[in-house]
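Please look at the sequence and the model before going on.

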Amino acid sequence: MLRSLRAEVADALEVALVARDLPTDDLGIERPPDDVDAELASSVAFRLASEVGAPPPEVAAELAGEVDAADYDYVGSVTTQGPYLNFLPSERYFADTVAAAVESGYGRLPDRDTSVVVEHTSANPTGPVHVGRARNPIVGDALRRVLDFAGYDVETHYYVNDAGRQVATFTWAYETFDESELPDPERDRIEYDLVRYYRTGNTFLEDGPDEEVEAAEAEIQSIMQGLEAGDEETYERVAEVVDQVLSGMTECLARLPAEFDEFVKETRFMRDGSTDALVARLKELDAAVYEEEAWQLDLPGIDKNLVFLRSDGTSLYATRDLAHHEWKFDNFDRAVTVLGEDHGLQADQVRATLDLLGRDTDQLDQVLYSYVNLPEGKMSTREGTGIDLDDLLDEAIDRARDEVEDRLDDRLRDDDLDEEDVERIAHQVGTGAVRYDIVSKQPTKAITFEWDRALDFEAQSAPYVQYVHARACGILDEAASAGLVPADGPGHTGDIDAADLAEPEARDLLRTIARFPAVVEEAADELEPHRIATYTREFAEDFNAFYRECQVLGGDDEDVARARLALVAASRETVGNALDLLGVAAPESM
């Protein structure tokens with residue numbers, strides 16, 4: 001509803017400005033501070049004061065006098081406060097908010113007829129996903145959800161580095177070492193099994209006999225050159241390792257959950273000739289130089305040259321990634337890439353090179369994030385392996401299970417939870433706590449993951465917001481059992497009178513619900529899913545205040561009870577959809 005109100009406010013301002021023969025190019029519409037009793041405000045009087053030759057408050061008053069609220073559905077009235085015009089909503093605004101929000105999919109925006117590819121995670125297929133990189137799939141998956149909900153046609157890709165030295169080393173080690181030479185795997189899943197070869201191989205290359213290491217290096221180089229030359233047997237050797245490791249990494253990421261529409265392999269752009277064709281074009285650029293036995297680009301405004309071809313004729317990751325980006329531009333309207341902060345230089349080089357190649361880099365958005373840290377001593381570390389994402393998720397679920405079991409005796413609902421229920425809730429809360437805590441921060445800010453904060457049922461965390469959804473479900477279930485609303489869904493509450501939701505707490509909650517589609521739009525436009533998390537925290541505060549101050553069940557006034565139940569139903573749909581955009585489960589019982 002806020003988006004509709006904003007459109008009406010814009011129209012009202014334009015009409016008022018035209019009536020005064022004033023320019024309409026900048027309306028200055030904004031959200032006022034919380035202590036202002038208005039949904040939207042305009043600072044346009046500031047801009048026009050000098051042109052009109054009057055103080056801003058006088059200009060604001062004149063413009064307000066030109067607005068007739070009766071011409072609009074959602075503009076209830078217009079007031080002025082100093083130089084600001086404040087727009088208050090009508091009763092219909094609140095009634096239509098409830099009517100819209102009880103419907104499934106509330107907050108989803110119309111189709112934009114724009115395709116977007118979101119590339120995220122893209123960790124090298126050399127072993128388990130490390131906890132430090134957990135922010136990439138969590139932010140990337142949340143972006144995918146937000147963009148889809150905002151009306152974009154979204155595909156999610158994982159770009160597989162299957163052509164570099166690391167993968168060649170992995171392939172050599174996999175073919176060289178025997179099971180008996182390896183340590184025991186840390187977990188019963190394929191990437192934990194195979195990573196032992198990679199680690200053993202790297203140790204050998206560092207400490208092995210010189211002659212054997214030299215032979216190994218020659219074989220690794222041969223694998224890399226075989227890939228560059230398009231040798232089918234080499235591709236198959238590498239794919240045997242890469243595909244198995246990826247299958248295990250995919251299982252880990254599915255626990256978040258984070259899923260992909262396509263795994264796009266680097267070698268694809270070597271095999272189809274894209275890389276060779278790109279190299280030829282790069283050599284023709286004025287920025288191309290041959291220095292230190294390699295072809296490079298001296299990019300404007302960037303201190304470090306981009307090396308795109310070695311002296312032995314082999315391309316680099318950056319070269320193939322450029323071919324990959326050109327493929328994205330040819331197949332999608334927009335490309336969003338989620339990258340770790342250590343890839344900032346790479347991001348700048350890619351954008352600058354694409355500019356030189358004549359590509360429209362307005363199509364490209366690069367979201368950089370800082371890594372996730374864990375407080376010292378909070379989790380055990382297996383020797384030589386660091387902490388894997390699986391470890392973090394396991395511990396989160398264990399801690400959530402303990403918390404849920406501790407709270408069983410204090411639950412307000414009388415639905416008995418069996419062991420299966422407790423386990424389900426533990427997974428929802430534990431995994432949700434990890435996702436929510438990570439996605440709720442601005443990507444560029446460093447994170448130290450704290451268990452006490454992430455799993456605090458009383459603070460602004462995932463469990464705190466999840467409990468709001470569970471509480472709304474409980475109220476509606478109880479109402480259905482009493483025959484107050486149909487058991488088959490809250491959307492059948494019928495029309496309500498907004499006057500029955502006149503309490504300040506009810507109005508605050510209504511205003512927050514009305515904002516949800518606008519928050520979705522902002523999060524999508526700015527590529528900032530943490531805005532959704534901030535919204536859910538504010539929503540939870542408003543819902544809990546409503547729950548404390550406004551009795552929903554057991555009151556004497558049937559119309560008020562029905563209106564409050566409708567507001568609870570709208571709340572359940574809204575917070576459930578918001579949590580889903582973050583990839584956090586919305587439990588029906590906790």
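The model is predicted; local features need pLDDT of at least 70, side-chain atom pairs count only at pLDDT 80 or more, and totals for chains, interfaces and linings use all residues. Residues are numbered from 1 along each chain as its sequence is written, and side-chain values use heavy atoms, with hydrogens and water left out.

**Cysteines**

A disulfide is a covalent bond between the sulfur atoms of two cysteines. Here it is counted as a pair of cysteine sulfur atoms within 2.5 Å. The structure holds 0 disulfides. For C550, the closest cysteine sulfur belongs to C473 and is 19 Å away, which is too far for a bond.

C550 is also buried, with a relative accessible area of 2%. Buried means under 20% relative accessible area, exposed means over 50%, and partly exposed lies in between (1.4 Å probe, protein chains only). C252 counts as buried too, because its relative accessibility is 0%.

**Two single residues**

Helices (H or I, at least four residues) and strands (E, at least two) are DSSP runs, numbered from the N terminus. S104 is found in the loop between α4 (91-101) and β5 (115-119). With a relative accessible area of 70%, S104 is exposed. S104 and M270 are 166 residues apart along the chain, and their C-alpha atoms are separated by 46 Å.

K328 belongs to helix α12 (residues 317-331). Is K328 buried or exposed? K328 counts as buried, because its relative accessibility is 1%. When neighbours within four places in sequence are left aside, K328 is in contact (heavy atoms within 4.5 Å) with V117, E119, A335 and T337.

**Aromatic rings**

Rings of Phe, Tyr and Trp (its six-membered ring) pair if their centres lie within 6.5 Å; planes under 30 degrees apart count as stacked, over 60 as edge-to-face and the rest as tilted.

| Pair | Centre distance | Plane angle | Type |
|---|---|---|---|
| F177 and F204 | 5.9 Å | 70° | edge-to-face |
| F260 and F263 | 5.5 Å | 55° | tilted |

F177 lies in the loop between α6 (165-176) and α7 (190-207), whereas F204 is in helix α7, so this pair ties together parts that are 27 residues apart in sequence. F177 is buried at 12% relative accessibility. In the other pair, F260 is buried at 15%, while F263 is partly exposed at 31%. One aromatic cluster is formed by Y106, F149, F516, Y535 and F539.

**Nonpolar cores**

A nonpolar core is a set of buried Ala, Val, Leu, Ile, Met, Phe, Trp, Tyr and Cys residues joined through side-chain atoms within 4.5 Å. The largest has 161 residues, and L85, W172, L389 and I532 have the most contacts inside it. Not counting residues up to four places away in sequence, W172 touches several residues, among them F177 and F204. A second, separate core has 28 residues, including F269, L278, L297 and L299.
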